[in-house]
Amino acid sequence: EGAYYLEWWEGAKRVRLSVGKDAADANARRLQKEAELNAVNHGVAVTQNGNANGHRSVAVAVTEFLDETKLTKKPKTYSAYSTALKYFQECCPKLNLHDIERKDVLKFSAFLRDVKKQSPRSVYNKFENVMTFLKAQGIRGLMGKNDWPRFVEEEPEVYEREELETLFAVCDEEERLWYEFFLMTGMREQEVMHCSWADVSLSRSTITVRYKPEYGFSPKNYREREIPIPAKLVQSLKALKAKSDKTCGLVFPTSGCSPKLNFLDDLKAVAERANLQKGDFWLHKFRATFATWHLWNSVDLRTVQMWLGHSDMESTMRYLKPSRSQAVRDKVDETFA
C-alpha cells in the first residue's frame, strides 16, 4: 500500500508533507491546504513562514529546523532528526504547530512501537528528538514525566581477559596492534580511523583526539582530549612508525592513505579464526572494557570521564560494573564458608 504526500511552495521553498496512507484523510488535508493557499493568494495577512490563520506550518517548521541542524550538527545527528520528524509527520495529521496536542505525541510513541516496530530504546530516542524540535518551536510543557517512553538500560558488556587472550593469540602483528589500540586508548571507531601521528606523543606516552578538518572529522561533543597510553602500546607504536609510509600522516591508513573503514569486519574475521562467537565481538566493547578495567583498578571517575570524552559523569558511571575477578569470587566463597 502507498502513502500520500502534499507538495506546495512557500516563497522559494518547496514543502513536502506526508499525510498518511488513508486516501480520504489525505484528500481532506489537500482541500484544507488549498483553502489556506488560496487565502494567501487573495491577500490574507500571514505571519512569516506561516499559514493563512496566522499559525506556523508544521512542514515549514520541520524544514527550517532540519536546515539549521544540517548546518550546525554532525551528519549522524541530522539523519537522526530527519528520520524522527519524517515519522512524526507521517503519524500526526496536524498541519499547524499550534494544533499539536499531548495525544498526538502519545500516538507518535505508539506509532513507532506498533507500526514501525522500533525497539524501546529507538522509540525513546525518536520521541526525544521530536520533543527537542517542539521545544525549539516554543512548545513546552506538553508532556508529563510519565508520558515519556521507557526502556531498559542495558549494562555495557566488557571483554573477559581470557577471551581477549584467545583473540590476540590468532592475530598477526598488525591485527593485534589494531585491537590493542582500541583496548588501551578507549577511543571511538571514528577517532581511531582518523588518528594521525601528529596526535601521538611517544615521548609523553599520550594520544590527543583532535579536530580533523581535512577529513571532515570532529570529536564527539566537539571536545578535544588527551589520553595516556601504557608503555606496551608505546613500544608497538614506535615499531609501527619506524616502518610506516612517511608521506601519510594517518596511524592506520589504507594503501591509498585513506582512513581504514573495516576494523569491525576484520575483528569478526579474527574472532571466527579463533573459534569464538563473532557476535560477541564489536569495537565499542573495547571502549567499555577500557573504562571498566580502569575503574576496577581504582582510577577515579572524573579522570576516566575525561579520557573517554564524556560530557557528563552519568555516562561514565555506566561502566562502574561489579568486579567478576577471581579475587572477588574467593571473597564470596569465604563469606559462606
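Begin with the largest pocket of this predicted model, which has a volume of about 2200 Å³. Select Lys 76, Thr 77, Arg 188, Lys 220 and Asn 221: among the 44 residues that line the largest pocket, these lie nearest its centre.

Next, colour the helices that contribute to this lining. Helix H3 (75-91), helix H5 (120-136), helix H8 (189-193), helix H11 (284-296) and helix H13 (313-317) each supply at least two residues of the lining of the largest pocket.

Now colour by domain. Domain 2 (56-146) and domain 3 (161-327) each provide at least three residues to the lining of the largest pocket. Switching to colouring by residue class shows 15 charged, 15 polar and 14 nonpolar residues in the lining of the largest pocket.

Move on to the second largest pocket, which holds about 460 Å³ of space. Its lining comprises 22 residues, and those closest to its centre are Glu 174, Leu 240, Val 251, Phe 252 and Pro 253. Select helix H7 (173-185) and helix H9 (231-243), the elements that give two or more residues to the lining of the second largest pocket. H7 gives the most, with 6 residues.

Finally, apply the class colouring here as well: the lining of the second largest pocket has 11 nonpolar, 7 charged and 4 polar residues.

Technical notes
Residues are numbered from 1 along each chain as its sequence is written. This is a predicted model: local features need pLDDT of at least 70, side-chain atom pairs count only at pLDDT 80 or more; totals for chains, interfaces and linings use all residues. Side-chain values use heavy atoms; hydrogens and water are left out. On a 1 Å grid over the protein atoms alone, a cavity is a set of points where a 1.4 Å probe fits but cannot get out, and a pocket is an open set with protein on both sides within 12 Å along at least five of seven lines; lining residues have an atom within 4 Å of a point. Grid points are joined across faces, edges and corners, and a volume is the space filled by probe spheres set on the points. Helices (H or I, at least four residues) and strands (E, at least two) are DSSP runs, numbered from the N terminus. Ala, Val, Leu, Ile, Met, Phe, Trp, Tyr, Cys and Pro count as nonpolar, Asp, Glu, Lys and Arg as charged, and the others, Gly among them, as polar. Domain bounds come from an automatic or database domain assignment.
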